[in-house]
There are 4 protein chains.
Amino acid sequence: MLNVAIIGATGYTGLELARLLAAHPQVKLTALTSESQAGKVYSQVFPAFQGRLDVTLEKLDPAKLASRSELVFLCLPHHQAMEAAKAFRAQGIKVIDLSADFRLKDAAVYEEWYGPHVAKEILKEAVYGLPELHRERIRSADMIANPGCYPTSCVLGLAPLIREKLIDLDTITCDSKSGASGAGRTPKTDILFSEVNESFKAYGVGKHRHTPEIEQELSELAGKKVVISFTPHLVPMDRGILSTIYAKAKAKLDGKSLHQIYLNHYAKEPFVRVRPLGSFPATHEVQLTNYCDLGVHYDERTNRVIVVSVIDNLTKGASGQAVQNMNLRMGYPESTGLESTAALP
Amino acid sequence: MLNVAIIGATGYTGLELARLLAAHPQVKLTALTSESQAGKVYSQVFPAFQGRLDVTLEKLDPAKLASRSELVFLCLPHHQAMEAAKAFRAQGIKVIDLSADFRLKDAAVYEEWYGPHVAKEILKEAVYGLPELHRERIRSADMIANPGCYPTSCVLGLAPLIREKLIDLDTITCDSKSGASGAGRTPKTDILFSEVNESFKAYGVGKHRHTPEIEQELSELAGKKVVISFTPHLVPMDRGILSTIYAKAKAKLDGKSLHQIYLNHYAKEPFVRVRPLGSFPATHEVQLTNYCDLGVHYDERTNRVIVVSVIDNLTKGASGQAVQNMNLRMGYPESTGLESTAALP
Amino acid sequence: MLNVAIIGATGYTGLELARLLAAHPQVKLTALTSESQAGKVYSQVFPAFQGRLDVTLEKLDPAKLASRSELVFLCLPHHQAMEAAKAFRAQGIKVIDLSADFRLKDAAVYEEWYGPHVAKEILKEAVYGLPELHRERIRSADMIANPGCYPTSCVLGLAPLIREKLIDLDTITCDSKSGASGAGRTPKTDILFSEVNESFKAYGVGKHRHTPEIEQELSELAGKKVVISFTPHLVPMDRGILSTIYAKAKAKLDGKSLHQIYLNHYAKEPFVRVRPLGSFPATHEVQLTNYCDLGVHYDERTNRVIVVSVIDNLTKGASGQAVQNMNLRMGYPESTGLESTAALP
Amino acid sequence: MLNVAIIGATGYTGLELARLLAAHPQVKLTALTSESQAGKVYSQVFPAFQGRLDVTLEKLDPAKLASRSELVFLCLPHHQAMEAAKAFRAQGIKVIDLSADFRLKDAAVYEEWYGPHVAKEILKEAVYGLPELHRERIRSADMIANPGCYPTSCVLGLAPLIREKLIDLDTITCDSKSGASGAGRTPKTDILFSEVNESFKAYGVGKHRHTPEIEQELSELAGKKVVISFTPHLVPMDRGILSTIYAKAKAKLDGKSLHQIYLNHYAKEPFVRVRPLGSFPATHEVQLTNYCDLGVHYDERTNRVIVVSVIDNLTKGASGQAVQNMNLRMGYPESTGLESTAALP
């Protein structure tokens, strides 16, 4: 059994990790931290865990935790995560970080979008934990930067188009829609129930921080700089991201061949499913699962490719993918603890 | 007082008309029809109208209704609407049709997307009832084709860009999201609560029937054929459409000038509001109102314009706009009966 | 025109008052206050009001406001409201208070449930503003305590039973369910979207502060002390309260007579509607209206009466009733500004 | 491996069984039936099952299925279920029926509430599958009547009170609230998204068919006839039932002792959790799990006991409990395949 700690266990990604790891056959949860709830029993704070995870929350103390953990998941706000990563890596603990702190390889880009980076040495060893792109590197990484939710959905939707050089790279638009759990669990007026419910809005238009992350991965795939339009939106539901992706085809295509390219591309992936031609995924079909489901369409009238990509933002978009990364790193079967099917309804 | 009938009063657009017209100071509702509920009192079927509209529903009989109505609103499925329009127009009754039957000026285009058209003579006299584009024609039209909900949001969002020739016409993408009331009130599995709730999906990818309607209006504005990408999505909420519109700028712009163009363009419109620069509208801000609210952004990185356009699909997107058209046609102040402010929450 | 101020205009009851009063033909809104947003334009904070209410928010300064207001609505937390009421009443301004501070006539009971009361002289002149019970007193009251949302639904549901002495007074159970807007707009974790959505819970079991308020009004109706069970619940929706009320009949009844008693009782009330026998109201049927709709049933098997009572918690349960009280006090027709019909959906 | 068939696999209880059984280590799903979708692959109808359950749906043919199934789950409407049960039992197949057809032991009572019963011989061998009450009988039953959702929540909430003779039996009120999935997947106007969403209502007031079922089980526990008030309500959410239960205490109690009685009563139950004193469960805390969570309160003011009982209506209220019954019948550990923790959010 692997001794594992969840650092920041009372936010939504921490909760999702707790749920997944409590059922993971290879993992022993040895510590859960929370600065605000330390001293309370986890199942007292979250009664859903009564009888499942009756452990006492503690404050983050890397030195103390090091003796009890071989691997830690960081579910902290950015900036805080890099401090924690530094402390854990200094003691040789494997780190999977769910914040943005180690996703952008170029510290200058990070600093432009997020502010000062104080752990640049660790940034160097960090591997971007998107298994479908970097599986081999992840297997040996001790510092894994777990991808953002929007980037996961967009990059998986676009990868085949870019690898196969099918589209004009300067025509990419990612119009993404996310459930409200993506906004986190810190109380703010704009995520109150009565503010989010029965409304739909765009936010961060032209300036969302996931833009450079998507562009980094697409640029690596393309072998040259890619710039995209990315607009996130807030959907009045708990979980799920759907990205509708548009790009101009370099040359005339046909829908069937395009579909076959996607089928081939992801044929061996355990967590990417391509829908039959003419069928497009809905977010509830991947809810609480680690799947990314894709639907593809070639529009003859406009010579554009349209890709619909869905994930659960807390599972494949965060904690599920983090478990997938842990499985790869530790040599467990990649799907361990991630075999669930979406409930309907 | 104007004698008015609602043909098809038990669907969502009929209900919204009943609500608006029951409070309209110039209108007397002389008849409400329903094939399935004829004989029942309206407020028995919809208790919200108890004490407000206790009239008996009747079957559609144009000859009988003609003596009691000067103007009728058709809230019928397409094809049925054209038959009814024919009958009412033959008797000199003014018609505002909320179906798609008279929106496409070219009968051949209609037939390609919807099937046979059997009232082509009437199609010729029909005016597309988008007041912001065709106000003067509406003032004298006896046959008004009330616009579709998606086209209203997209065309109002794009009109300034096209009129001012600011964008490449072959780069337009309209990514639209609608609440579930747009799917109507006829029972089908895919619009059951537990199918729609907590999910988000695209539908009609590359083939939704509002595409030619949007293109018709944009083409008229541009003076040449415009072809667009249009993808509608279903949001788990009752009301509201938000369209995120992308297009490549012909030349470098700046955000402030772009914003000023929108302010100028819609300065005199009673129902189009442009948000301050940097602010984007949410659907709940126009809920139950006849407003179309717009936010505009120029993205330097990609040289694209992004417009966010919101309406209430049942009000400005259907029945409210129909009342606005009636007001114009009858010479009432344009906002009569449409003065409400959105409730929050 | 009546000069009116809303004290605390950025919470949900303040917003609902702003919406209703902006359309009220007898009212001029001369001031809106907010401690946190003072200096900003109201429509900048709430874009729904763009073009409707573009006034600047100011800090509460009773001396300054007195010269501009004949009547003020207090939309403040309890304790704060009594301080403001004192200041306004000292200057002869009429006050309608939407907090709990002047609802309980017995200061000792208030202090048991809410803490110290520092405006006991004003408490003496306060009239409980439930028009269906205290209409005549309201017509001449300068200090009106606007009822709580739960009490409005429960007391209107029970009044005929108690007045007609039909039930055993020690068998009353009020099981009430409210939308989330009742919890207010101050950010707290437990009212975040993802905490409320897709869940249902009871709260304040056995100790909710509306209990003594309901009991006060029922006791006055009964002419003796009434003690009830009252359990509130949180429904994942914005607006609406439904109370299911149970009580044992003193003697055998029959459903038809019981129904007739309710019809007679409320025959002249503009805002109470009794449903046909066998029909029970849903909250959406009174949404955004000032109605209280009632359904009644006599259960032979158990010899119990069951009443279902629905209101919109922000309208009849708060701001709409406050406007109704203002109308009564100022001698306007009671329904002025409150004529809307619920939208469906 | 046990060969199992799901009869009626495209409704919500069938889907939930498919989800649970696809992950059950002892079960092989050998057949899924659907009259309307026969011939299609399950994962084509429900893409969530792509890669998980790619089997072809077939029409119900008991003779044909008998050779492939040792145990069948009936997810059929009542009346249809009894016909199928007859056919399967005639061939010696074990049956777990999720309809109401075999829950009421007295055929006369069944016929009063549901209509003619045509399988009375089988009714005699049927065991009511509520493990917490009838575990031993279930272990050897070949015909198990899986309890209704509301009865499960009410009976588990009341059992300790009745067994310990703590309450007046003629004072019981069960006020229950259910998510919309309980209404099934057959298209009807009143369960469309825009009819259910943002509303709350009571239904079946005084006449819901689960009343006699609850009374049967309570009467058996009490050793004499119990009559209750039961009112179900519809909550705008997918899953979950919360029952608020009121009863008068026979004698003065105290909260702590009452709580201890519940703790003792359910100490060994794997799927009933009693909350700490003063804490009450919310439905999301048991979502997608087989738990029934209980909170109890003694109200001194009224001498009443209040119990809050929550379950997931499709899991413990239907398919999860059916799997629990199968586990008991087959001798598997009772929690096999039912170990999940609720996701938050």
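## A salt bridge between the chains

A salt bridge is a side-chain nitrogen of Lys or Arg within 4 Å of a carboxyl oxygen of Asp or Glu. In this predicted model, local features need pLDDT of at least 70 and side-chain atom pairs count only at pLDDT 80 or more, while totals for chains, interfaces and linings use all residues. Residues are numbered from 1 along each chain as its sequence is written, chains are lettered from A in the order in which they are written, and side-chain values use heavy atoms, with hydrogens and water left out.

Chain B and chain A are joined by four salt bridges, and one of the pairs that meet in this way is Lys177(B) with Asp175(A), at 3.0 Å from N to O.

## The interface as a whole

Contact (heavy atoms within 4.5 Å) links 46 residues of chain B with 46 residues of chain A. The two chains bury about 3,600 Å² between them, 52% of it on carbon and sulfur atoms; buried area is the accessible area (1.4 Å probe) that two parts lose on being put together, summed over both. Of the area that chain B buries against chain A, 18% comes from Glu198(B), Phe200(B) and Arg301(B), more than from any other three residues.

## Two helices within chain B

Helices (DSSP runs of H or I, at least four residues, numbered from the N terminus) also pack inside chain B: H7(B), residues 131-139, and H10(B) have axes 13 Å apart at an angle of about 85°. Axes are lines fitted to C-alpha atoms, for helices over the stretch in contact, and angles run from 0 to 180 degrees between N-to-C directions. H7(B) is therefore roughly perpendicular to H10(B), a term for angles of 65 to 115 degrees.

Methods. Parallel < 35°, antiparallel > 145°, perpendicular 65-115°, else oblique.
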